[in-house]
Amino acid sequence: MSFVDKLERKFGRFAVSNLIVYVIALSVVGNIINVINSSVYWVYFSLDINQILHGQIWRLVTFVLYPTIGMDANFVSDLVWFAIWAIMYYNIGLAMERMWGTFRFNLFYFGGVLMTILATVVTYAVMVMIGTNTALAGMELGATASLDYLNTSLFLAFAILSPNTEFLVYFIIPVKAKWLAIVYAVLMGYQFIRCFQFGFYYGMALIAGTIINLALSFLLFGRKRQSPRAAYKQKKRKVQYRRQVKEDVHGTRHRCAVCGRTEKDDPHLEFRYCTKCEGDYEYCSEHLFTHEHVHR
C-alpha cells in the first residue's frame, strides 16, 4: 500500500466530492462581488501577507475569489470567456476526479493552492528583507496572487492522462489535448523567461510552485488512469448494479481494501474484486483502477 493510499484510508472521508463545482462557484461569487464593487476584493479578500500577519487570516482562503470580470469596456467579452472557461474546466475537473479519484484530485488541487500561498509568503519575506515597505509588498503581491497557473496545470494533468481527447478550438477546429498542452507548456515557459527578464520574481515563484505540485502529483499518484469514456460506462454499470443489490441488514457486505469504506458509509459506492490481485481483495469504485496490485 502506497503512502497516498495510507493517507486516503485515514482521511479519505474528508475529501470534497465534485470539488471543481465549488471552485467554479467561488469564481462566480468573486466576479459578482467585483462587478458590484471593484474595490472590495482588493481591500478585504486578496492574499495580502502583511494584512494576514496583522490578523486577517481569512485572506488565506478568500483569495481564491480572485475576479476576472469587471464593469468596464471588456465586460461582455470577459463574461463570454469566463463562461467558456467554466464549462471547459467543469468537464476537465470531473474527468480528473473520475480518473484519479476524489481524494487524489483533492490533494492535487489543494496542494496547488498551498503552493501559491507558499510562493507568496517566500516572495514577501524576500522583499521585506531587501528593504521593501511591508504594506507595499503585501499589496503588490496580493494584487496578482491568483490560481491561474494552478488551473493551467490542471489542464496539463488532464492532457497527460487523456492526451487524445479532442477540444473544439473556437467551437470549430478539433485539436487533441496533447497538442494544446504543448502550447500551454511553451507559453508557461515563455512567461517564466519574461518574468526573469523583467525582474518579476513572484511570477517565477508561482510558475515554479505550480510545476512542482504537478510533478509531485504524478510522482505520488502515478499515471494509473481510466479514460473518461470508460469511466462513464463504468458509472452507468454501477447504477444498474446498485439497483440489483440488496443491502444486508445484519451487517456490511463490502469493504474497500484501500480506504476501508463500506456500503453503509456511502450508499452510492460500488465494490468489485480485482482480478489482478492475488487473493480476495475488494475495492470501491474510486480505488478499483488506482490501487496497487497485491502480489504474494
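Let me begin with a term: a residue is called buried when its relative accessible area is under 20% and exposed when that area is over 50%, with partly exposed in between, using a 1.4 Å probe and protein chains only. The model is predicted, so local features need pLDDT of at least 70 and side-chain atom pairs count only at pLDDT 80 or more, whereas totals for chains, interfaces and linings use all residues. Residues are numbered from 1 along each chain as its sequence is written, and side-chain values use heavy atoms, with hydrogens and water left out.

With that in place, the protein has 296 residues, of which 43% count as buried, and its secondary structure comes to twelve helices and four strands. Those elements are DSSP runs numbered from the N terminus, helices being H or I with at least four residues and strands being E with at least two.

I turn now to helix H10 (177-197). Which of its residues are buried? In H10 they are Ala 177, Leu 180, Ala 181, Met 188 and Cys 195, and they lie on the same side of the helix because they cover an arc of only 100° around its axis, the arc being that of the directions from the helix axis to the C-beta atoms. The face turned away from this buried side carries the exposed residues Val 186 and Gln 197, while the cover over the buried residues includes H9, strand S1 (166-169), strand S2 (173-176) and H11. After H10 comes Gly 199, with a positive phi near 70°.

Next, the packing. A nonpolar core is a set of buried Ala, Val, Leu, Ile, Met, Phe, Trp, Tyr and Cys residues joined through side-chain atoms within 4.5 Å, and the largest one here holds 55 residues, with Leu 154 and Phe 158 among those that touch the most other members. Elements giving two or more residues to this core include H9, H10 and helix H11 (201-221). Apart from it lies another core of ten residues, among them Cys 256 and Tyr 283.

Finally, consider Ser 146, placed in the loop between helix H8 (134-142) and helix H9 (148-161); it counts as buried because its relative accessibility is 10%. Leaving aside neighbours within four places in sequence, Ser 146 is in contact, meaning heavy atoms within 4.5 Å, with Tyr 66 and Thr 116.
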